[in-house]
Amino acid sequence: FDTPNDVEFDHVNNRLFTLDEGNGRIMVHNTNSQGIPNDNIADYVLGLPNMTTPFDSCLATASSFCSPNSIAIDTTNNRLFVSDTGANRILVFDIGSLSNGMGAEYVIGQIDFENLGSESTSTTLYLPLGIVYDSTNEYLYVSDSGNNRVLGYDLSEGISNGMAASRVIGQLNFTDNLSNRGGGMDVNTLSTPDGIAIDNTN
């Protein structure tokens with residue numbers, strides 16, 4: 001590993017996902033039912049074609065990352081969400097079955113897998129960092145740090161490339177992006193949000 005930044009346990013398929021940020025990849029270990037890896041050797045890799053190919057540069061494809069920062073899992077639908085910060089997007093993988101270097105099924109924040117642009121709209125992202133999936137309400141929340149906001153995506157009807165967010169926190173609308181709404185810190189403002197979590201009980 002080189003600067004591992006996030007981990008998620010898939011308790012349905014018994015797999016441990018580790019975001020290896022410095023190497024531009026995600027390492028996947030098969031585990032027992034308690035989440036303990038069967039051994040110290042990864043079984044799959046995402047973001048690179050194999051275990052030994054070094055990360056070279058940021059590429060905009062369905063199977064590569066550019067400074068990935070955070071991951072989240074939807075165990076009901078076998079989805080892995082990856083905050084691909086440098087590419088201003090979220091990649092969505094079908095993890096029902098895995099293979100080395102496999103491509104994502106969907107992209108959020110860009111219209112396709114080849115774009116890297118950044119704007120402040122309901123369909124774009126700018127340096128997304130933390131992500132969390134609310135399995136109760138089927139919402140994906142993204143800390144859109146460069147736009148000083150958190151976006152919420154309703155996934156109850158499925159996912160499509162470049163889909164629009166339906167909720168925004170920290171800004172009055174989907175086009176504003178100033179830190180603290182251009183003023184001082186307040187109860188309804190954000191400035192470069194990073195980590196994010198969900199309380200499913202309350």
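In what order do the four strands of the open sheet run, and with what pairing? The order is S9-S10-S11-S12, and the pairing is antiparallel. This is a predicted model: local features need pLDDT of at least 70, side-chain atom pairs count only at pLDDT 80 or more, and totals for chains, interfaces and linings use all residues. Residues are numbered from 1 along each chain as its sequence is written, and side-chain values use heavy atoms, with hydrogens and water left out.

**Overall fold**

- The protein chain has zero helices and twelve strands. Both element types are DSSP runs numbered from the N terminus: helices are H or I with at least four residues, strands are E with at least two.
- From the N terminus on, the elements read β-β-β-β-β-β-β-β-β-β-β-β.
- The radius of gyration is 17 Å, close to the 17 Å of the globule rule for 202 residues, so the chain is as compact as a globular protein of that length. This radius is taken over C-alpha atoms, and the rule is 2.2 Å times the number of residues to the power 0.38.
- Along the principal axes, the C-alpha atoms fill a box of roughly 50 × 40 × 30 Å.

**Burial, surface and contacts**

- Of the 202 residues, 45% are buried. Buried means under 20% relative accessible area, exposed over 50%, and partly exposed in between (1.4 Å probe, protein chains only).
- The accessible surface comes to about 9,400 Å². Carbon and sulfur atoms hold 47% of that surface. Areas come from the Shrake-Rupley method with a 1.4 Å probe; for residues, only the protein chains shown count as cover.
- Among contacts between residues at least 6 apart in sequence, 43% join residues at least 24 apart. A contact means heavy atoms within 4.5 Å.

**The S9-S10-S11-S12 sheet**

- The sheet is open and has four strands. Its edge strands are S9 (128-134) and S12 (167-169), and each pairs on one side only. Two strands pair if DSSP finds at least two bridges between them.
- The twist averages 20° from one strand to the next. Axes are lines fitted to C-alpha atoms, for helices over the stretch in contact; angles run from 0 to 180 degrees between N-to-C directions.
- S9 and S10 (residues 139-144) run antiparallel and are joined by five bridges.
- Tyr133 has Leu140 in S10 as its bridge partner.

**Aromatic pairs**

- The whole structure holds three aromatic pairs. Rings of Phe, Tyr and Trp (its six-membered ring) pair if their centres lie within 6.5 Å; planes under 30 degrees apart count as stacked, over 60 as edge-to-face and the rest as tilted.
- Phe81 and Tyr133 are stacked, at 5.6 Å centre to centre and 25° between the planes.
- Phe81 lies in S6 (residues 79-84) and Tyr133 in S9, so the pair ties together parts 52 residues apart in sequence. Both residues are buried.
- Tyr139 and Tyr141 also stack, at 5.7 Å centre to centre and 25° between the planes. Tyr139 is buried at 9% relative accessibility. Tyr141 is buried with a relative accessible area of 11%.

**Strand S3 and its partners**

- S3 (residues 25-30) is mostly covered, with five of its six residues buried.
- S2 (residues 15-20) pairs with S3 in the antiparallel sense over six bridges. Asp20 has Arg25 in S3 as its bridge partner.
- The hairpin of S2 and S3 has four residues between the strands. In this hairpin, Gly24 takes a positive phi near 60°.
- S3 and S4 (residues 44-46) run antiparallel, joined by three bridges. Ile26 stands opposite Leu46 in S4.
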